[in-house]
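Biologist: I would like a quick tour of this protein. Please keep it brisk.

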Amino acid sequence: MSTDTLLRVEKGNAAPEELAAITAILLARAAATPETVTTPRSQAGWRRLERTPGFRAPHSWQG
């Protein structure tokens with residue numbers, strides 16, 4: 001078995017054209033993935049329950 005290949009067929013026999021097609025698809029998908037831009041948040045996305053009051057009125061806007 002050759003260890004210098006990028007892809008390996010686990011089951012069946014893939015033709016070189018089929019391997020080239022799947023490689024092209026995977027490379028196109030990897031190139032199309034946008035880089036995530038992280039922006040600093042002014043407030044945490046979670047809350048500490050021990051710092052919230054024990055009771056909220058049913059008509060409260062806080063969830």
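Predicted model: local features only at pLDDT ≥ 70, side-chain atom pairs only at ≥ 80, totals over all residues.

Biologist: What percentage of the 63 residues is buried?

Modeller: Buried means under 20% relative accessible area. Among the 63 residues of the protein, the buried share is 0%.

Biologist: Which residues make the nonpolar surface patch of about 480 Å²?

Modeller: A patch residue needs over 30% relative accessible area. Ile25 has 48%, and Ile22 has 37%. Leu7 comes in at 34%. The patch is made by Leu6, Leu7, Ile22, Ile25 and Leu26.

Biologist: Is Ile25 buried, partly exposed or exposed?

Modeller: Ile25 sits in helix H1. Its relative accessible area is 48%. Exposed would require over 50%, and buried under 20%. Therefore Ile25 is partly exposed.

Biologist: Where is Leu7 found, and how far is Leu7 from Ile22 in space, C-alpha to C-alpha?

Modeller: Leu7 is in the segment before H1, whereas Ile22 lies in helix H1. The two are 15 residues apart in sequence. In space, their C-alpha atoms are separated by 9.6 Å.

Biologist: Which residues does Leu7 touch, not counting those up to four places away in sequence?

Modeller: Contact here means heavy atoms within 4.5 Å. Sequence neighbours up to four places away are left out. The residues that Leu7 touches are Leu19, Ile22 and Thr23.

Definitions and conventions:
Residues numbered from 1 in each chain as written. Heavy atoms only, no water. Patch = residues over 30% accessible without salt bridge, like charges linked within 9 Å, V, L, I, M, F, W, Y side chains within 5 Å. Areas by Shrake-Rupley, 256 points an atom, 1.4 Å probe, with all protein chains shown as cover. Salt bridge = Lys/Arg side-chain N within 4 Å of Asp/Glu carboxyl O. Helix = DSSP H or I, 4+ residues; strand = E, 2+ residues; numbered from the N terminus. Buried < 20%, exposed > 50% of the residue type's maximum accessible area, 1.4 Å probe, protein only.
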